[in-house]
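Subject: Structure to look at

Hi,

Here is the structure I promised you. Please open it and keep it beside this email while you read.

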Amino acid sequence: MIIKGNDMASKKTRPITICGYDVDFCKGNLKNLHIRVRKDGSVYVSAPRGTSMSEVEEFIESNREWLDSAIAKRKAAYACYSDRDTIMLFGDEFKLMIIDSPSNDVIKDDRCIYVRTQRDPELLIRRYLNTQLMPVAKEYLDKWTRYTGLQCDDLRTKYMHTKWATCNHRVNRIWLSTKLAHKPLECIDYVILHEVCHLRYPNHGPAFHSMLAVYMPDWKRRQDRLNGKISS
Ligand SMILES: [Zn+2]
């Protein structure tokens, strides 16, 4: 089984700081210099082989105004967490504390989740949620594939806003939304079974629902809890 998080940077890039911007940089077989601001507000710059760093700096300087506005716009649209927000982890409530520190890590006590960074806290929080979610999800997946005799070769996560999970039954791959880490364990358990049932039945027809009910008679209550319609 392959287990991957959602890694933003591709292998060919290297992180550097140019003109005060943290940039993923790569050189390749290109005609021109390119800047791209990704969805998370991170910046990617690619340059033709043989380009000098002063040419790259000049290019960035000449695009500074556009770059600042593009980063601000993307970050505002992307940010889901802010300092002193309430953040849920497996159904329990914590206070999110974003601390200006070079540690670049996330730690948790009984009441708070502390994000210590001088870079983008959003990325660190999402990675933390992934590392919390994955072992739990894998355990449930092992259970349900064993009980049903179905096979899932690939479990992955990404930050999905409108779906809890998706299943590609042709390649036996399940994608989970990182946001599931906020939800109670019994709801995550339900989502995994739901997707495992899709490995056999791609749609939501009667056969799909009877399979779900055989393995999890209270699936509807768990689904309602997942979607915030009931509290327990
Ligand atoms: Zn479904």
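Start with Glu 57, which sits in helix 1, residues 53–62. Keep in mind that this is a predicted model. Is Glu 57 buried or exposed? It counts as exposed, because it has 12 C-beta neighbours inside 10 Å. Which residues does Glu 57 touch, once its neighbours within four places in sequence are left aside? They are Ile 18 and Cys 19. Now find Asp 85, 28 residues from Glu 57 along the chain. The C-alpha atoms of these two are separated by 38 Å.

Cys 19 deserves a stop of its own. This contact of Glu 57 lies in the loop between strand 2 (14–18) and strand 3 (21–28). Its phi is positive, at about 50°, although Cys 19 is not a glycine. Most residues other than glycine have a negative phi. Cys 19 counts as partly exposed, because 14 C-beta neighbours fall inside 10 Å.

Asn 104 is another case to look up. Its phi is also positive, near 55°, and Asn 104 is not a glycine. Look for it in the loop between strand 7 (92–100) and strand 8 (105–108). Asn 104 is exposed, with 12 other C-beta atoms within 10 Å.

Now zoom out to the whole chain. It has 6 helices and 12 strands. The C-alpha atoms fill a box of roughly 65 × 40 × 25 Å, taken along the principal axes. The chain has 232 residues, and 19% of them are buried. Take the contacts between residues at least 6 apart in sequence. Of these, 45% join residues at least 24 apart.

Helix 2 covers residues 64–78, which is 15 residues. From its first C-alpha to its last it reaches 21 Å, close to the 21 Å expected at 1.5 Å a residue. How many of its 15 residues are buried? The count is 0, and helix 2 is hardly covered.

Helix 4 covers residues 185–200. Its 16 residues should span 22 Å at 1.5 Å a residue. Its end C-alpha atoms are 24 Å apart, which agrees. Of those 16 residues, 13 are buried, so helix 4 is largely enclosed by the rest of the structure.

Which helices pack against helix 4?

Helix 3 (residues 121–148) packs against helix 4 at an angle of about 45°, with the axes 9 Å apart. The two are therefore oblique to each other. Their crossing is right-handed. Helix 3 brings Val 136, Ala 137, Tyr 140, Leu 141, Trp 144, Thr 145 and Thr 148 to the contact. Helix 4 brings Leu 185, Ile 188, Asp 189, Ile 192, Leu 193 and Val 196. By class, the residues of this contact are 10 nonpolar, 2 polar and 1 charged.

You can check the pattern by eye. An α-helix has 3.6 residues a turn, so residues three or four places apart point the same way.

Helix 5 (residues 206–215) comes next. Its axis and that of helix 4 come within 10 Å and cross at roughly 135°. That makes helix 4 oblique to helix 5. This crossing is right-handed too. Leu 193, His 194, Cys 197 and Arg 200 of helix 4 meet Phe 208, Met 211, Leu 212 and Tyr 215 of helix 5. The residues here divide into 6 nonpolar, 1 polar and 1 charged.

From helix 4 come Glu 186, Cys 187, Tyr 190 and Val 191. From helix 6 come Trp 219, Arg 222, Gln 223, Arg 225 and Leu 226. This contact has 5 nonpolar, 1 polar and 3 charged residues.

Best wishes

Conventions. Residues are numbered from 1 along each chain as its sequence is written. This is a predicted model: local features need pLDDT of at least 70, side-chain atom pairs count only at pLDDT 80 or more; totals for chains, interfaces and linings use all residues. Axes are lines fitted to C-alpha atoms, for helices over the stretch in contact, and angles run from 0 to 180 degrees between N-to-C directions. Helices (H or I, at least four residues) and strands (E, at least two) are DSSP runs, numbered from the N terminus. Angles under 35 degrees count as roughly parallel, over 145 as roughly antiparallel, 65 to 115 as roughly perpendicular and the rest as oblique. A crossing is left-handed if the near helix is turned anticlockwise from the far one by less than a right angle, and right-handed if clockwise. Two residues are in contact if their C-beta atoms, placed from the backbone, lie within 7 Å. Ala, Val, Leu, Ile, Met, Phe, Trp, Tyr, Cys and Pro count as nonpolar, Asp, Glu, Lys and Arg as charged, and the others, Gly among them, as polar. The expected span of a helix is 1.5 Å times one less than its number of residues. A residue is buried if 20 or more other C-beta atoms lie within 10 Å of its own, exposed if 12 or fewer, and partly exposed in between; C-beta atoms are placed from the backbone.
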